[in-house]
Structure formats: structure tokens, C-alpha cells
Amino acid sequence: MLQYGNNPAANGLSEGLKTSDEETLFFPSLLRVKTGEKIAVRFKTFRLGRCERVCDYALKNDRTISRQHADIILKGDCYYIMDKHSTNKTYLNGKELSPMIEYALKDGDRIMLANEEFIFGYGG
């Protein structure tokens with residue numbers, strides 16, 4: 001089975017995308033704590049921010065979020081988060097991230113973009 005990321009099939013990830021040979025690509029997700037919305041991280045570089053034109057997920061009505069706030073990046077079979085010099089910072093499990101440095105993500109990690117909290121995970 002083709003997989004996209006850290007063996008998400010073994011972790012019970014239910015979302016997937018069929019390829020032409022009927023194998024399934026699996027994606028991790030972000031849970032937006034405030035709304036309960038589940039967001040599939042479907043690209044090797046997944047941009048979070050306020051600007052719909054350049055972000056894969058936009059929080060367009062939240063002025064505390066920078067236009068291009070942070071990226072979630074897939075390298076090999078690991079995911080990373082990187083703050084893009086955001087005004088109100090990015091936090092991983094309560095620790096402020098230095099801009100433009102990649103930090104490894106694990107299942108259940110808590111990400112704060114300014115005042116918006118997300119939980120990164122592979123769970124269904």
C-alpha cells in the first residue's frame with residue numbers, strides 16, 4: 001500500500017485518496033480545537049495563514065494570524081512545522097518556535113498559531 005507520511009495506515013487514519021492503480025494515499029490531519037473542524041494535510045508543503053490565495057488552509061477572518069503564518073512540510077516519512085516569521089508566533093506543545101526552522105511533528109502534538117489551537121494527528 002502506498003502511504004503518504006509516517007505509516008498513517010498503522011495508526012488508523014481513515015482518510016485517503018485512490019491512485020490510478022487503486023492504492024491509497026493517506027494524509028495526516030489537523031483538528032481545529034475552536035470549531036472541531038478536521039483538516040486533511042494533503043500536500044508536501046501545506047501552508048496555514050490568513051490569505052486564501054496562497055494558503056492551503058486560510059483563517060481569513062482572524063487578524064491575529066499572519067497572511068502566511070506557518071508551513072507543515074513532509075520530508076521523507078516525517079512531518080515538520082515551520083513558522084514563516086509570523087507576527088504573533090507559532091507554538092508547538094507550548095514552546096515558541098524560532099522562524100524558518102523545521103520542528104518534527106508527532107501524533108497528538110498541539111500547534112498554536114497566534115490564538116488558534118490545532119492538534120496534529122494520524123487518527124481517524
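Leu30 stands opposite Phe120, a residue of strand 13. The pair belongs to the contact between strand 3 and strand 13, which run antiparallel and are joined by 4 bridges. The model is a predicted one.

- Six strands make up an open sheet, in the order 4-3-13-12-9-10, and their pairing is antiparallel.
- Strand 4 (37–40) and strand 10 (95–96) stand at the edges with a single partner strand each, so one side of each has no neighbour in the sheet.
- In a regular strand, side chains alternate between the two faces of the sheet.

**Strands 3 and 4**
- Strand 3 covers residues 29–32 and pairs with strand 4 in the antiparallel sense, over 4 bridges.
- Within this pairing, Arg32 stands opposite Glu37 of strand 4.

**Strands 12 and 13**
- Residues 110–113 form strand 12 and residues 116–121 form strand 13; the two pair in the antiparallel sense over 4 bridges.
- Arg110 has Ile119 in strand 13 as its bridge partner.

**The chain overall**
- The protein chain contains 13 strands and 0 helices.
- Of its 124 residues, 42% count as buried.
- Among contacts in the protein chain with a separation of 6 or more, 38% come from residues 24 or more positions apart.
- The accessible surface of the protein chain is about 6700 Å², and carbon and sulfur atoms account for 48% of this surface.

Notes. Residues are numbered from 1 along each chain as its sequence is written. This is a predicted model: local features need pLDDT of at least 70, side-chain atom pairs count only at pLDDT 80 or more; totals for chains, interfaces and linings use all residues. Side-chain values use heavy atoms; hydrogens and water are left out. Two strands pair if DSSP finds at least two bridges between them. Buried means under 20% relative accessible area, exposed over 50%, partly exposed in between (1.4 Å probe, protein chains only). Contact means heavy atoms within 4.5 Å. Accessible areas come from the Shrake-Rupley method with a 1.4 Å probe; for residues, only the protein chains shown count as cover.
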